[in-house]
Amino acid sequence: MDMEKFIKNMPKVELHAHLNGSLSTKTLLELATLEYGETNNEFQTICRNFQQNQEFSLDECFKKFPIAHALTTTKDGLRRALLSVIRDFSQDNVVYLELRTTPKSTTKMSKVEYLETVLETIRLADSLYPDICVKLLPSIDRSKGIEMAKETMSIVTEAMKTQSDLIKGIDLSGNPAISSFDEYGKILSDAKNNNLKLALHCAEIDNSDETYKMLQFGMDRCGHGTFITSQNLNIAKEKQIPIECCLTSNLKCGTVKSYVEHHFKNLYQSNHPVVLCTDDPGVFDTTLSDEFIIAQKTFNLSTKDLELLSLKAVDVSFADSVEKEFIKQKISKYFND
Ligand SMILES: [Zn+2]
C-alpha cells in the first residue's frame with residue numbers, strides 16, 4: 001500500500017480542533033443552502049469561489065469564520081454543523097476527537113442552550129458515527145474579557161455535574177495580543193480543581209514573559225508552542241508538557257516560514273511529547289491525514305514513527321484509561337496486522 005493511502009486508513013487521534021474552523025467549504029455550502037435555500041446568497045458565492053480556486057490569502061481564508069458563526073446561531077444550525085464536522089473527521093478515520101468551542105449567546109439561544117445543544121449532538125453522533133469517540137473542551141476566549149470567562153466557567157461547572165463523561169477540559173484561546181494571561185489564572189485553577197484538564201494556546205506569538213508565566217502555572221497540553229524559547233522549552237521539558245503542533249495552520253498564518261523549519265522536528269527528535277493536529281481544518285483546507293502526510297514527507301517519518309506518534313497522542317489525550325486502552329488497541333492492530 002502506498003504511504004498516503006496507509007496514512008488515510010490509519011486510525012488517528014485529533015486533539016486540537018475548533019468547531020467553527022473545522023467546517024469545510026463543502027459543508028459550509030451545504031449548510032448555507034439548507035439555511036437560505038438555493039437562491040444565490042453571499043455565503044454561497046464565497047464558498048463557490050473557495051471551491052473553484054486553490055490559493056488564498058490568510059484574510060480570504062478567515063472569511064470562512066463569519067460564515068460559520070452565522071450558520072451556527074440556531075440550535076438546528078449548530079446541530080447540523082457539529083454533525084457534519086464529526087462526520088468529516090470520522091470519514092478521515094479519526095477515531096478519537098477532542099473538539100473545542102466557545103459557548104456563545106445568540107439571538108436564538110443562550111450560552112447554556114449552546115452548550116446543551118453541543119453535548120446532545122455529541123451523544124447523537126455516537127449512534128450515527130460509532131467509529132469515532134468525541135469529547136468536548138469548552139473554550140475560554142481570552143479576547144472577550146474576564147467577565148465572559150467567568151460566565152463560561154460557571155456554565156461549564158454546572159454542566160460538569162451530569163456530563164463529565166464528555167466535558168474533559170478547558171481550552172484557552174483567542175487573540176493573545178490583546179489580553180494578559182494573569183487575569184485568567186484564578187479561573188483556570190478553579191477548572192483544574194473541578195477535574196478539568198487544561199489545553200492552553202501558549203507561545204502562539206512571540207511573548208516569552210507570558211509563555212514563562214503560563215508554563216510555570218502549568219497545563220496539561222500546550223497549543224502551538226511556536227515561539228517557545230530554549231529557556232521556556234526547558235520548563236516544558238521538565239514538566240513534560242505535550243505540545244500540539246499544527247503544521248498547515250502555522251504555515252498559512254505565517255508563524256513558521258516552511259514545513260522544514262517547523263518546531264515539530266526538534267521536539268520530536270528530542271523525544272518531547274508532541275502531537276500532530278489540524279487546528280482549523282476547514283479554514284486551512286486540510287485534514288488530519290494531510291497533516292500526517294506532510295509530516296511524513298517533510299521529516300521522513302517511518303511507519304514506526306507514525307505508530308509512536310499515534311500512541312503518544314492517546315497517552316496525552318484526556319480520555320479515561322478504559323477509552324485509552326481501547327483506542328490504543330485499534331492503533332496497534334492497524335500497525336501490526
Ligand atoms: Zn487553536
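Visitor: How are the donor residues of the zinc ion spaced in sequence?

Guide: Donors are N, O and S atoms within 2.8 Å of the metal (3.2 Å for Na, K and Ca), and water is not among the atoms, so sites may look incomplete. Here the spacing is H-x1-H-x182-H-x77-D. His-16 lies in strand 1 (residues 12-18) and Asp-279 in the loop between strand 8 (274-276) and helix 14 (288-299), a pair 263 residues apart that links distant parts of the chain. Helices (H or I, at least four residues) and strands (E, at least two) are DSSP runs, numbered from the N terminus. This is a predicted model, in which local features need pLDDT of at least 70, side-chain atom pairs count only at pLDDT 80 or more, and totals for chains, interfaces and linings use all residues. Residues are numbered from 1 along each chain as its sequence is written, and side-chain values use heavy atoms, with hydrogens and water left out.

Visitor: Which atoms coordinate the zinc ion?

Guide: The zinc ion is held by NE2 of His-16, His-18 and His-201 and by OD of Asp-279, at 2.1 to 2.3 Å.

Visitor: Are His-16 and Asp-279 buried or exposed?

Guide: Buried means under 20% relative accessible area, exposed over 50%, and partly exposed in between (1.4 Å probe, protein chains only). Both His-16 and Asp-279 are buried.

Visitor: What is the make-up by class of the lining of the second largest pocket?

Guide: Ala, Val, Leu, Ile, Met, Phe, Trp, Tyr, Cys and Pro count as nonpolar, Asp, Glu, Lys and Arg as charged, and the others, Gly among them, as polar. A pocket is an open set of points on a 1 Å grid over the protein atoms alone, where a 1.4 Å probe fits, with protein on both sides within 12 Å along at least five of seven lines; lining residues have an atom within 4 Å of a point. This lining has nine nonpolar, 11 polar and nine charged residues. Helix 6 gives the largest share, five residues.
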